[in-house]
Amino acid sequence: VDALGYDELVGRISQLPPELRAPLGGILLEKRSYSDVSQELGIRQPELVRAVQRGRAIIARRIAAGE
């Protein structure tokens, strides 16, 4: 996931479930802090960390599967 270009990352994030798009967008695309994104989304940091981990795992599985 870290090796993806910005445009491909945007495309991959847009294919995620809605509840994962904002967390990944804030962290991976906008390069904001976990604290800042969690406050903006109104969720606790551990929830944000889990959402980012889930989203990254989904993207990585899709890349590995050739999707």
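**Exercise 1. Find the residues with the most contacts inside the largest nonpolar core, and the elements that build it.**

Solution. The largest nonpolar core has 14 residues. Such a core is a set of buried Ala, Val, Leu, Ile, Met, Phe, Trp, Tyr and Cys residues joined through side-chain atoms within 4.5 Å. Ile 13, Leu 16, Leu 24, Ile 27 and Ile 59 have the most contacts inside it. Two or more residues come from each of α1 (6-14), α2 (18-29) and α4 (45-64). The top contributor is α4, with 5 residues. Helices are DSSP runs (H or I, at least four residues), numbered from the N terminus.

This is a predicted model: local features need pLDDT of at least 70, side-chain atom pairs count only at pLDDT 80 or more, and totals for chains, interfaces and linings use all residues. Residues are numbered from 1 along each chain as its sequence is written, and side-chain values use heavy atoms, with hydrogens and water left out.

**Exercise 2. Describe how α2 and α4 cross.**

Solution. Start with the axes, lines fitted to C-alpha atoms over the stretch in contact, with angles from 0 to 180 degrees between N-to-C directions. The axes of α2 and α4 come within 9 Å and cross at roughly 95 degrees. So α2 is roughly perpendicular to α4 (65 to 115 degrees). Next, list the contact (heavy atoms within 4.5 Å). From α2, Leu 20, Pro 23, Leu 24, Ile 27 and Leu 28 take part. The α4 side includes Leu 48, Val 52 and Ile 59.

**Exercise 3. Is Ser 38 buried or exposed?**

Solution. Ser 38 sits in helix α3 (residues 34-41). Its relative accessible area is 5%, so Ser 38 is buried (under 20%; exposed is over 50%, with a 1.4 Å probe and protein chains only). Beyond four places in sequence, Ser 38 contacts Ile 43, Arg 44, Gln 45 and Leu 48.

How values were computed
Angles under 35 degrees count as roughly parallel, over 145 as roughly antiparallel, 65 to 115 as roughly perpendicular and the rest as oblique.
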